[in-house]
Amino acid sequence: MQTRKKYIFLTFLASWLLLFLFGGDQLRRFSFFSGRKAEAHRNWPRWTDRSLLKSFVDAEEQLRDGDPSLLSPRERRAAWLSTYRSSRCRMETCFDFSRCEKHGFKVFTYPQERGQPISETYGKILSSVERSRYHTANPEEACLFILSIDTLDRDHLSGQYVQNVDEKIRSFPLWNGGRNHLIFNLYSGTWPDYAGDLGFDIGQAILAKASFDTESFRPGFDISIPLFSKDHPERGGDRGWLYQDSVPPKKKYLLVFKGKRYLTGIGSGTRNALHHIHNGKDIISLTTCKHGKDWEKHKDTRCDKDNIDYERFDYQELLHNSTFCIVPRGRRLGSFRFLEALQAACIPVLLSDGWELPFAEAIDWGKAAVVGSERLLLQIPSAVRCIHPERVLAFQQQTQFLWDAYFSSVDKIVHTTLEIIKDRLSPHRSRSRFLWNTLPGGLLVLPDFSTHLGDFPFYYLQHGYSPSKKFTAFIRAVSQAGSLSQPILRLIQAVSGSQFCAQIVVLWSCEKPPPPSRKWPQTTVPLTIIQGRRKLSERFFPFEAIQTDAVLSLDEDTSLSSSEVDFAFLVWRSFPERIVGFATQSHFWDPEQGRWGYTSRWTNELSIVLTTAAFYHRYYHSLFTEYLPVGLRELVDGLTTCEDILMNVLVAAVTKLPPIKVTQQKQHKELVAQQAECRDGAAGTPQPGQRSPSALHSAPAKVKGTAGSRRFSQQQDCLNQLADWFGYMPLVSSQLRLDPVLFKDQVSVLRKKYPSLEK
């Protein structure tokens, strides 16, 4: 009996020992075993043996990571639902497509109420919408509505916080529960959690918001926009910092960060940990505690040293000399340094978990940024070191493209937002991600023109396409006599004699009707007459009669030979995205008058090819008519020869390239020079580094005739008004002229392909 009891006791004891050894960790989870139920709220990780793993986080930082003041998931969800009552919104359920059927995609901005202040930034947004081609002053025509109430800053501690927004928007007859409305927001929530609460119910409105959380973002409905400062330019914007002759992609520093370090509250964990990757050599991580009113009250042992190191480096210099820039979250998910890194060609390394990246619906950020995890900060240095130099350069080039195409101005941010919404209305005619992420960008590619890449002048090289082997001669006739003059008859015969001419289209812009068909010359190609409306901008209207990719734009008094036309067309086929032509002019900066100058004198510099005799792609007709706002086309109709300048400015803004000049016959060149001198006269002083024609003379020549003076003044005004509208001067100067092989060489004319050009 005693033996039996002994065996039972030993078996029981062994069972408890085995249970303790192999199941002790599970048993310790029960409060009755550990007696630590009160300590259940404790920070991960709980290392069993701390001596085996060195801690890289201070105990004080761990406590801040578990800040009990932060909202729980349930509380965050409740705050989100208070703002997004229509949480299941999609375009199909919360947007009225029928409003966009009759008048197309038109945008109406509410009239500003008297006494209702708006911030400078929101004023820029409203101005950008009103200057766009989609704006309408008639709410009955509108497809989309934008409030005049400033909703950018919804931090109730801010001086720009607008009170009682809910009451105000409900009083608007057009509000309709927010349906077909677009609301812009840059800052939401306030201390200490900075939740996404806007302080009013947006209903079924589309929200274009910075620092968008993926949990509250409604895919295919809302739009994430970048956080930008009040100093962000409304138009134009500075270009990126990467130039063609820039240093190789490997720079002095591999990875840098310089910014604030939050001592308490949300966003402090990531920035507090950045000092762990600082090595003082190729990885520079600088933070400062010295911000806010009570920073000294919360400062830790690192603050004094961090503040000293912080002042040793210049932020702009770090951006210039670093390959990668860390972009951690701030109090909110977004950060100003995101756009700063893009402009500087410093590849952004994003440390902001849960951030819906700006315009991610259209932009492929995997080609321009490194998306990291806040929890894997220590792996970032080794990860960026593994990126091949060729890939680094591709990243840098893509940052420059994205900056210039979508982020360099408030105009581009607003227009990108509108274009994404417009694409949703007609998915079968929307832009592909390839078009959004390839030069010249989605804003400059019109899906209404075509959805086939081969129909645009930008993608021939990438996809192996080639432009059509024929061209359409487009002649603008403005003769007041109403009859066919000798110059236009000779021009039609010369152009139809080209082996590459497919058809001739005449735009008859005269008061009297065009002559009957029997009076027009007989040609080997079809001849089409279009009755015009006597508007200068009409020469760039996308007429259906133009069927070829190439358009040869001509004036009725232009003098060209078939050889000149043939050679110019072959040149254009090698550069289908540019304007290729004969008569050229140039622009320059006049420091005395503080404005742009314009001249037609013959010099080595050129930036404008007159469309009185020039080849270009027919897509530019659609871009001219549909992309540019009505106000610019009205400007062209009111100023003499402004249409030439605007077309050149448009093509240069799209391609960032100058036009190309080709060979002319000497006799034609002398004729054009005489006409230009009589029209325009001389110009002022060039910008430093840019040669001006007037530098060849000790004093400007007198303008011949009152009409010529007025014409020249209008051209100057046109150039400056266009520069003001674009926000910068898009024209690019060049000294390139292309001639045929053996042109002017001392060899037999019989060996030359274009002997008539030698005359």
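Contact is defined here as heavy atoms within 4.5 Å, and helices (H or I, at least four residues) and strands (E, at least two) are DSSP runs numbered from the N terminus. The model is predicted: local features need pLDDT of at least 70, side-chain atom pairs count only at pLDDT 80 or more, and totals for chains, interfaces and linings use all residues. Residues are numbered from 1 along each chain as its sequence is written, and side-chain values use heavy atoms, with hydrogens and water left out.

In the pair formed by α21 and α22, L632, L635 and V636 of α21 meet C642, E643 and L646 of α22. The residues of this contact comprise five nonpolar, no polar and one charged; Ala, Val, Leu, Ile, Met, Phe, Trp, Tyr, Cys and Pro count as nonpolar, Asp, Glu, Lys and Arg as charged, and the others, Gly among them, as polar. The axes of α21 (residues 630-638) and α22 (residues 642-655) come within 8 Å and cross at roughly 145°. Axes are lines fitted to C-alpha atoms, for helices over the stretch in contact, and angles run from 0 to 180 degrees between N-to-C directions.

An open sheet of eight strands has the order β15-β14-β13-β16-β21-β17-β22-β23, with mixed pairing; two strands pair if DSSP finds at least two bridges between them. Its edge strands, β15 (527-531) and β23 (737-738), each pair on one side only. Strand β14 (residues 501-508) runs parallel to β15 and is joined to β15 by five bridges. Within this pairing, I504 has L527 as its bridge partner, and W508 has Q531. Helix α18 (residues 486-496) packs on the sheet, where α18 touches β13 (471-477), β14 and β16 (550-555), and its direction makes about 175° with that of β13. The pairing of β13 with β14 is also parallel, over seven bridges, and A477 stands opposite W508 of β14. Seven of the eight residues of β14 are buried, that is, under 20% relative accessible area, with exposed denoting over 50% and partly exposed in between (1.4 Å probe, protein chains only). Helix α20 (residues 619-627) lies across β16 and β21 (613-617), at about 85° to β21.

Most residues other than glycine have a negative phi, and most peptide bonds are trans. N176, in the loop between α7 (165-170) and β4 (181-185), has a positive phi of about 50°; N176 counts as exposed because its relative accessibility is 54%. K656, in the loop between α22 and β22 (660-662), has a positive phi of about 60° and, at 39% relative accessibility, counts as partly exposed. A cis peptide bond, with omega about 5°, joins L439 and P440.
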